[in-house]
Amino acid sequence: MTESIQRARATTASYSITMRLHTGTDPAVIGELATKIAESGGITTALDVVDSHPDSLVIDLTASASDGDHASELVAAVETLEGVRVHKVSDLVFLLHLGGKISVESKVNLRNRQDLAMAYTPGVGRVSMAIAEHPEDARRLTIKGNSVAVVTDGTAVLGLGDIGPKAALPVMEGKAALFKRFAGIDAWPICLDTTDVDEIVRTVELIAPGFGGINLEDIAAPKCFEIEAKLRERLDIPVFHDDQHGTAIVVLAALTNALRVVGKKLPEARILVSGGGAAGSAIVQLLLAAGAVDVTVYDRIGLLHRDDDRLTPAWRNLAEMTNPRGLTGDLRAGIQGADVFIGVSAPRILDPAWIDEMAPKRVVFALANPDPEVDIHEATKHATVVASGRSDYPNQINNVLAFPGVFRGLLDARAHDVTTEMLIKAAEAIASVVTDEQLNPNYIIPSVFHPDMSKTVAKAIVDCVAKVPDAEE
């Protein structure tokens, strides 16, 4: 029974299946099916009679499980019911991905020769010549002004690691779909079959004329830092690494409101960041730029401090700007007296009991996904405000809150780069969507479906660009 309760709490639509069942006509069968799923730790989300005969029924039962193995257990449990036969099982996630998640649609009608003559030859030649004479008009007269390249090499995909460019494609398609859904931006998955920094940089340089912005995605640290830096130096369009800066924006926004809840200020807060990779580095830099003073970073070698000769170049860079009290030791040593814990590292490394050793009115962001640094349910017993990257708990830290609006603003403002001030303004915009009346420990960050989200972030970016001389072409 304990296992069933735990699984029900973790149930997610990511493991949703539909079973096509052949059963008898006994009215009790419907209740028996729902009961069997519940006893096995699943959740019945739909139960439809799709065909009926005098002596039999065809039923589609849709249920959510906690993972793939659990889904198989649900099927096995249903098969134990007398008079029930499982005809086939469909995984809804895989069905959704059949044929891919995005497509290209024409914005113009091609009904006759006149339409064709204007949209293509000979009419299109006039537009091409106009752009050749005035290249800046490409943003206005082509898709460039509303397009983003989502670029990956497949070396750090979600929490799956180095799975390669082909396996990364479904994720990049999903990213493109989010761009369209939340900001009306046409984004294109670019999955590169190379992990060489110079090859990646050169390839993006070569395709850049067709895009208004570059979104780097799921590229492993530390090479992601070098790739971003080189592209920002060489391109005249904004380059944004979402794993770094998107995460940092939403963390700063959520922390701004979490500190409002506990009555603390960012400059006075003692912050421990677990994870010194791409996300952790960007979070630290943005927190410091926004006014944080006492930030310490923990990674697998311990608390990062400048006198440690084991530091990699990336860790040394972090150590030079953090840990003002010169702390050493393990994660527990770093959490002593801290006001804030931010985890972008590994599952289950934080003992819930250690949270009691933090300062009063403590804030815990456990963002490792899908398995956070601490059990979220247990953490809520010890911390005042808890956030995670999961959608099945309050306060989800989700990059979708940031990147669609950020790029909408960058494209609308015809920006050439991304600045730290823009990132801070985007975080402030996200935080501002939560009003004083709405703010509470379980609501520090708005839903990704909030109707004002992308527009609010985009306006903040446009206003920021407008302050920069010669920002417009």
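How many aromatic pairs does the count come to? The answer is 4 aromatic pairs, where rings of Phe, Tyr and Trp (its six-membered ring) pair if their centres lie within 6.5 Å. The close-ups below come from a predicted model, in which local features need pLDDT of at least 70 and side-chain atom pairs count only at pLDDT 80 or more, while totals for chains, interfaces and linings use all residues. Residues are numbered from 1 along each chain as its sequence is written, and side-chain values use heavy atoms, with hydrogens and water left out.

**View 1. The rings of F179 and F407 form an edge-to-face pair.** Their centres are 5.4 Å apart and their planes stand at 75 degrees; planes under 30 degrees apart count as stacked, over 60 as edge-to-face and the rest as tilted. This pair links distant parts of the chain, with F179 in helix α8 (residues 165–183) and F407 in helix α16 (residues 403–412), 228 residues apart. Helices (H or I, at least four residues) and strands (E, at least two) are DSSP runs, numbered from the N terminus. F179 is buried, at a relative accessible area of 0%, and F407 is buried with a value of 0%. Here, buried means under 20% relative accessible area, exposed over 50%, and partly exposed in between (1.4 Å probe, protein chains only). Ring pairs also link F179, F240, F403 and F407 into a cluster.

**View 2. F182 and F449 make a tilted aromatic pair.** Look for ring centres 5.7 Å apart, with 50 degrees between the planes. F182 belongs to helix α8, while F449 lies in the loop between α17 (420–432) and α18 (453–466), so the pair ties together parts that are 267 residues apart in sequence. Is F182 buried or exposed? F182 counts as buried, at 16% relative accessibility, whereas F449 is exposed at 57%. The charged end of R181 sits over the ring of F182, 4.7 Å from its centre. For a charge to sit over a ring, NZ of Lys or CZ of Arg must be within 6 Å of the ring centre and within 35 degrees of the ring normal.

**View 3. K175 meets both a ring and a charged partner.** The charged end of K175 sits over the ring of F403, 3.9 Å from its centre. K175 also joins D242 in a salt bridge (2.3 Å, N to O). This pair links distant parts of the chain: D242 is in helix α11 (residues 242–262) and K175 in helix α8, 67 residues apart. A salt bridge is a side-chain nitrogen of Lys or Arg within 4 Å of a carboxyl oxygen of Asp or Glu. Both D242 and K175 are buried. Together with E217, these two residues are linked in a network of salt bridges.

View 4. By the salt-bridge rule, the count comes to 26. Side chains of opposite charge can pair when their charged atoms come close. D299 counts as buried at 13% relative accessibility, and R300 as exposed at 70%.

**View 5. Strand β5 (residues 147–152) is largely enclosed by the rest of the structure.** Why is that? Here, 6 of the 6 residues of β5 are buried, so the strand is largely enclosed. In a regular strand the side chains alternate between the two faces of the sheet. S147, A149 and V151 point one way from β5, and V148, V150 and T152 the other way. β5 runs parallel to strand β6 (residues 186–191), joined by 6 bridges; two strands pair if DSSP finds at least two bridges between them. The bridge partner of V151 in β6 is I190.

**View 6. An open sheet of 6 strands has mixed pairing.** The order is β11-β10-β9-β12-β13-β14. β11 (302–303) and β14 (385–388) stand at the edges, each with a single partner strand, so one side of each is left without a neighbour in the sheet. Strands β12 (residues 340–343) and β13 (residues 363–366) run parallel, joined by 4 bridges. V340 stands opposite V363 in β13.
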